[in-house]
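Here is a short briefing on one protein model. It covers the metal site, the core and the overall fold.

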Amino acid sequence: MENNNSRRNFLKKSAAITIGALATNAILNKTQAAVNLVENEILPVDGGKYTLPALPYAYDALEPHIDKLTMEIHHSKHHQAYVTNLNKALETIDGNVLGSPQTLENIFSKIDKLPVALRNNGGGHYNHSLFWAMMKPNGGGEPKGKLADAIKSTFTSFDEFKKQFADASMKRFGSGWAWLVLKDGKLKIGSTANQDNPLMNLDSVEIKGTPILTLDVWEHAYYLKNQNRRADYIASFWNVVNWETAENLFATAK
Ligand SMILES: [Fe+2]
């Protein structure tokens with residue numbers, strides 16, 4: 001029994017050290033935080049656990065486009081559940097299986113060999129952390145600089161890009177995410193199911209690459225305000241999108 005406990009504690013400790021990784025409460029303190037996600041920044045977290053990052057704005061800050069109650073439940077209930085269940089899933093895994101140093105990005109790169117709980121909850125935590133930084137009060141407008149140039153050269157115009165991104169958001173059946181990614185130096189639009197993302201090494205993930213922009217199209221992201229009208233929610237997103245985050249992710253994308 002003692003040996004089992006010692007082994008369990010060792011595994012938990014090594015998992016904490018190797019997995020601990022992202023200081024999730026720092027993820028969203030500033031726009032740069034979204035870049036840190038992609039740069040595999042490793043920071044200590046409390047007890048090696050992932051924690052729910054604070055929103056970089058108030059729950060009602062995106063009103064009237066995204067309502068306060070939706071933001072509050074989405075962040076404090078849905079995202080918190082992914083964090084809680086991610087930590088539970090990690091407790092059951094030998095840290096050596098994951099290697100070191102360990103980040104969610106590295107976990108995703110070998111997700112085809114890991115328990116589905118890591119896929120769902122690791123994806124849920126990563127995607128939502130990114131998503132909060134994709135929005136801001138008084139957002140919207142158009143991207144600037146190199147991202148603007150790349151969008152125009154790839155999709156012919158910003159309006160055509162918006163049309164294709166909205167189309168991908170609408171066509172995702174059931175729950176999932178729409179993405180703009182950089183893959184082999186090219187911008188691409190697509191979507192993933194459930195909490196999958198373009199960093200996951202899975203055949204079923206149709207779009208691969210470095211995330212530049214993402215939109216949560218689960219009903220929990222819009223049902224209270226928009227009910228079944230996903231198109232209205234997508235239109236609202238364009239009023240709060242934080243292009244600075246996308247520009248920073250594009251600037252550091254490999
Ligand atoms: Fe969500």
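The four donor atoms around the iron ion subtend angles of 88 to 131°, so the arrangement is tetrahedral (four donors with all angles between 85 and 135 degrees). Donors are N, O and S atoms within 2.8 Å of the metal (3.2 Å for Na, K and Ca); water is not among the atoms, so sites may look incomplete.

This is a predicted model: local features need pLDDT of at least 70, side-chain atom pairs count only at pLDDT 80 or more, and totals for chains, interfaces and linings use all residues. Residues are numbered from 1 along each chain as its sequence is written, and side-chain values use heavy atoms, with hydrogens and water left out.

**Iron site**
- His74 (NE2), His128 (NE2), Asp216 (OD) and His220 (NE2) coordinate the iron ion at 1.9 to 2.1 Å.
- The donor residues follow the spacing H-x53-H-x87-D-x3-H.
- Aspartate 216 is buried, at 0% relative accessible area (buried means under 20%, with a 1.4 Å probe and protein chains only).
- Histidine 220 also counts as buried, at 18% relative accessibility.

**Nonpolar core**
- The largest nonpolar core has 62 residues; Leu118, Phe161, Leu187, Ile212, Leu213, Phe237 and Trp243 touch the most other members.
- Domain 1 (2–52 + 67–133) and domain 2 (145–252) both give residues to this core, so it lies between them.
- Such a core is a set of buried Ala, Val, Leu, Ile, Met, Phe, Trp, Tyr and Cys residues joined through side-chain atoms within 4.5 Å; domain bounds come from an automatic or database domain assignment.

**Whole chain**
- Of the 254 residues of the protein chain, 50% count as buried.

Methods:
Tetrahedral: all angles 85-135°; square planar, octahedral: opposite > 155°, others 65-115°.
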